[in-house]
Amino acid sequence: MALTSSHINLIERGLPYIVTEREWEAHGLDEVSTVLRNLGVIGESYAGGFRIVEPRQFVGYYRNRSCSLAIDPRRVELFEDVRRFVAGFPEKQVTAETSATSDEKLHLIDPAILFCSALESAVQAGLPLLYHRFSIATSHPRGRINFTETFRKFQSRGILHKVACESSARQYDPRLTSVLSTVISLLRRDYSIPSGILGRLEIFACLFEGARIYRIPEAKDAAESLIRNYDGWTEVRRVLLLGQAILTNQEQVWDVQLPIAGGECRFCNMDRLWEIAVLTAFQRTWRGEGRTVEYHPYRNRNFTLFPGGGPEIDPDVVAFEAGKPAMIIDAKYSDTEQPAAGDLYQLLCYVRRLKADIGVLVYLSSQSTWHSMVGRAEGNVAIAAGGASTHKTSQGLLQVSGAVCTDYEAAISKA
């Protein structure tokens, strides 16, 4: 495969990218490859004068001044649906925005539209400017002449045609532009954003060209500080609050982030995103007093399969009732219409060890959403499974989790 530029585009768990060693060196791809290989994002091998880059279960992008590598999702519709499901705006914020802007009620749950509108209003009202002073040596004086420095550096050495001047320049608050640029960088990678919104984001990206792209935690901290600084500046405060909400919710999605000079590095582990989506679905359906849903609650707690030892157990999601494990949920990022035997055995071990009432396997389904009660094991332990459609995944997840909660009530009533 001929490499015609310093950009590589891959597909999640797709075909490897093969390029000659000469082209690899010509385009300076060693840095990006080393970083992403060490992070486990790609695999790389060398054979007979060729470099072979293998995409794994990650979706995202790496970009610096000289080269870039992007990994697109295998199913774009699924990725965007799940990402928005996990990173949706809180109900309180949607309600507040709806009451504030009645003519956009139909679109206010879309963070890109919200942010774009708020940013346009802030730019039109005028973004905060800072002044920084600098010194120059020049034969054409401008600003304030520093006579002391002029004499010391030039006149004392017989240089009479130059003077030292102090001047000042205006620029947008650099922390503000970095926060806004970070939010824009997240939204620009949204495959479902309408072209009109994307075009508006590109204009703003040019306006803040050169601003540093923060890691999401750093951007969140900076946004919180700026909100306090510009408390009386309505337009700026609103765009920062929206940006802060986007950053907070997107942080769950992008779990591999690195600061890159003049660029950005951000990747999503699709296996983990699927676990978070399953967690979100059960959090919305497992409701009631004393009921909670937790993500990997037994990780790093040395909780073993047998009371006296054995391998550590680490179920993806556990639903508790009054502090006791009630449901053990294992998220499987694979497409199937029926549970695999190995998955069932693993889940049954978890359920028995934690003395839960029901175990659940949650898959993807390229067909319609499905759900079934697999059966009951010794001790009246119920085992269920389901698959969320890859076409309307978040809706399917809610259907599966709702059905499982009904299964739980039935299992308890028969106990």
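Biologist: Why is W233 called partly exposed?
Modeller: In this predicted model, W233 has a relative accessible area of 30%, and since buried means under 20%, exposed means over 50% and partly exposed lies in between (1.4 Å probe, protein chains only), W233 counts as partly exposed. Local features here need pLDDT of at least 70 and side-chain atom pairs count only at pLDDT 80 or more, whereas totals for chains, interfaces and linings use all residues. Residues are numbered from 1 along each chain as its sequence is written, and side-chain values use heavy atoms, with hydrogens and water left out.

Biologist: What makes Y230 count as buried?
Modeller: Y230 has a relative accessibility of 12%, so it falls under the limit and counts as buried.

Biologist: How many aromatic pairs does the structure hold?
Modeller: The structure holds eight aromatic pairs, where rings of Phe, Tyr and Trp (its six-membered ring) pair if their centres lie within 6.5 Å, and planes under 30 degrees apart count as stacked, over 60 as edge-to-face and the rest as tilted.

Biologist: Why is the pair of F79 and W254 called edge-to-face?
Modeller: The ring centres of F79 and W254 are 6.3 Å apart and the planes stand at 70°, so the pair is edge-to-face.

Biologist: Which parts does this pair of F79 and W254 tie together?
Modeller: F79 lies in helix α3 (residues 76-86) and W254 in the loop between α10 (234-250) and β10 (256-260), so the pair ties together parts that are 175 residues apart in sequence, with helices (H or I, at least four residues) and strands (E, at least two) being DSSP runs numbered from the N terminus.
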